[in-house]
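Take a look at the model below.

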Amino acid sequence: MFSADDYRHMSRALQLAERGLYTTDPNPRVGCVLVQGSERVGEGWHERAGEPHAEVHALRQAGASARGATAYVTLEPCAHHGRTPPCAEALVAAGVVRAVVAMEDPNPLVAGAGLRRLTEGGVAVETGLLDTQARALNAGFVMRMGRGRPFVRCKLAMSLDGRTAMASGESQWITGPGARRDVQRLRARSSAILTGIGTVLSDDPSLTVRDEDIGEPAPPGGWRQPLRVVLDPHLSTPPAARMLTAPGRTLVATCCQDDEAAEALIDTPAEVIRFPGSADSLDLETLTRYLGEEEAVNELLVETGATLSGAMLRAGLVDELVVYMAPRLLGSDARALFRLPGLERMEDAVDLAIVDVRPVGRDWRITAHPAAR
């Protein structure tokens, strides 16, 4: 049974872990608090991939006070040698006597080994405290380790009558500045952004994280730019597209086997990767699995039109919808939010579980999960 103090200290560890929201990728976000008696003697969080883990920062701050302390850690301490030494060993060596761990690590390299090492070292281990909150903070890492693909978040903007653009295609801007700043934060926390060739041809987006738009100070070293992925079945991406010269990498995913069609992109920074597919569509399951396994993408943000968004939803690859709803009406001739053909009966409808609704500037942000997840 966990005490009120246990909840309080683990809540603090989760707050610390969240500080790594934009910087730890592809590693998980982890926080650690060391408590001696009723006093917090050390705190830390994983700040950046390749740098010391949360437990190391907390142990350094605590010094000799770590001996006999309780460690509150949001994710099972690692037990393997990677770019940093094992944290489970560090906790044992420092003389920690109790470890409260929010969740076990889904990484097969750890998967209970860290907890076993703590127990073998004489540390009393308890798990599961605020497990749901810890998993939500690392939904992408958990998904990639468990299913080999990223956590897919689909971002959409619509009017009050559910429209995304005028019949002419004009869509800038449906939402206000507050919603657009919020989207920048979604980009900043994402490992990659997926869009379709239709969006590239119509809007020519850069899909970058921009200091002037995000509305908060950049982390040390500046904003990490997510990998940009363009779904382009016929290799129609213009060589002068803005995203090809923007900071960061751009991957053009295609099923086109015509080498001549790729020649226009040879002298650009674009990386062309071929996937199975036919006609106007790619195998989306293969694409997302490639991003998870080969590119270590934890969170994939989908920023695209109704066709690709609808295809991702029909394929069962959307884990979360983030819909920004503006207080305006675009009319019945305007474009719909999703292209979902074949829904003819009420039993065919896509059910959603709304998990959060909040105002963002003059707009509303609705977060929902497909009910069949």
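In this predicted model, Arg29 has a relative accessible area of 5%. That is under 20%, so Arg29 counts as buried. Arg29 sits in a loop, between α1 (4–18) and β1 (31–36).

What does Arg29 touch, leaving aside residues up to four places away in sequence? Its contacts are Ala17, Gly20, Leu21, Thr24, Thr74, Leu137, Asn138, Arg189 and Glu299. The side chain of Arg29 makes a polar contact with the side chain of Glu299, at 2.7 Å. The Arg29 side chain also reaches the backbone oxygen of Leu21, at 3.0 Å. Ala54 is 25 residues from Arg29 in sequence, and their C-alpha atoms are 8.9 Å apart.

Now follow the chain into β1. Strands of a sheet pair through backbone hydrogen bonds, either parallel or antiparallel. Here β1 belongs to an open sheet of 5 strands, ordered β2-β1-β3-β4-β5, with mixed pairing. The edges are β2 (39–45) and β5 (124–127). Each has a single partner strand, so one side of each is left without a neighbour in the sheet. On average, neighbouring strands of this sheet are turned by 15° against each other, direction ignored.

How many bridges link β1 and β3? The two strands pair over 4 bridges, in the antiparallel sense, with β3 covering residues 70–73. Leu34 stands opposite Ala71 of β3.

Finish with a helix. Helix α4 (residues 113–120) lies across β4 (98–101) and β5. Relative to β5, helix α4 runs at about 150°.

Definitions and conventions
Residues are numbered from 1 along each chain as its sequence is written. This is a predicted model: local features need pLDDT of at least 70, side-chain atom pairs count only at pLDDT 80 or more; totals for chains, interfaces and linings use all residues. Side-chain values use heavy atoms; hydrogens and water are left out. Buried means under 20% relative accessible area, exposed over 50%, partly exposed in between (1.4 Å probe, protein chains only). Contact means heavy atoms within 4.5 Å. A polar contact is a pair of N or O atoms within 3.5 Å; within protein, one must be able to donate a hydrogen and the other to accept it, and residues adjacent in sequence count only if both atoms are side-chain atoms. Two strands pair if DSSP finds at least two bridges between them. Axes are lines fitted to C-alpha atoms, for helices over the stretch in contact, and angles run from 0 to 180 degrees between N-to-C directions.
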